[in-house]
Amino acid sequence: MSPTPAALQRNITLTYLSLALKEAMFILPVLVAFYQLRGVSLADFFLIQALFRLVMAFLQLPLSYWADFSQRRRQIQLGAGAWLLGVLLLWWGHGFWVVLTAELLFGISIALWYSNSECLVFESLKARGQTKQHLKVLGRQRTLGSAFATVAMGIGGWLFTQDADLPITLTALFSALALLFTLGLVEAPRAMQAKPKNPWRDFVTTFRYMGHGHPEILWLSLWPGITAATGACLFWSLQPIATQGGMSFSALGVWLFGYYVVRTLFAASMSTLTN
């Protein structure tokens, strides 16, 4: 039974809200200090972040490939569940291995959640005959997510000064709400590819095609991850440098609030800048 136009429109709204709630990471502006309270040194912090990026990068392509043969909403729900489980581990756990496990769950979550969400939104728009609205809808989605992140950045540092567990508690609450919103998604109609007899061999063949026949596709897939990883090193280095220099956690949150305001403005202009 095909989903109704109202259900397809609800897909777009629920995707907006679930990703925006996920972006409300109140713990982010004080993550280095919070991890140190959880028994993770600064050196271990960067090691964990490197492993997180590796997992996210290496799983992005195979999980996106696998999604072509399965339900996207299930992949999104698995991603939201993995994210919530990672946050809960940080909330309750302590020590290097607990934090590493949580970060690896975050990497798996992002690989499952983001690309499938974008595909589901596009397929929902296509079924409604509105594919020309895709960039505008995607821009609105990014704007809302960035706005939630901006608010979380602005108050996360202050919350940490009141109670060190308060930012992660609120992050867990928002992550749980995000998972609940994904449960309302429906599968948009699309032409499902026939599942190959040997999926891994087919994936390797596809990857070789990208690497040798059309390397520009491979670089379009890998370059965002490379630039994000480089920027992340600078971003995470800022927190200990700023606090050691005398900046309070509240002031650091306000500074990051300004940075995210700029991100939100660019996200709001994405459709116009692209056109």
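Student: Which rings link up into a cluster here?
Tutor: Ring pairs join Phe-34, Tyr-35, Phe-45 and Phe-46 into a cluster. Rings of Phe, Tyr and Trp (its six-membered ring) pair if their centres lie within 6.5 Å; planes under 30 degrees apart are stacked, over 60 edge-to-face, and the rest tilted.

Student: And where does all this come from?
Tutor: This is a predicted model, where local features need pLDDT of at least 70 and side-chain atom pairs count only at pLDDT 80 or more, while totals for chains, interfaces and linings use all residues. Residues are numbered from 1 along each chain as its sequence is written, and side-chain values use heavy atoms, leaving out hydrogens and water.

Student: How many aromatic pairs are in the whole structure?
Tutor: The search finds 8. One of them is Phe-26 with Phe-174, edge-to-face at 5.2 Å centre to centre with 70° between the planes. Phe-26 lies in the loop between helix H1 (5-23) and helix H2 (31-37) and Phe-174 in helix H7 (residues 166-182), so the pair ties together parts 148 residues apart in sequence.

Student: Is Phe-26 buried or exposed?
Tutor: Phe-26 is buried, at 5% relative accessible area (buried is under 20%, exposed over 50%, partly exposed in between, with a 1.4 Å probe and protein chains only).

Student: New topic: how many helices and strands?
Tutor: The protein chain has 11 helices and 0 strands; these are DSSP runs, helices being H or I of at least four residues and strands E of at least two, numbered from the N terminus.
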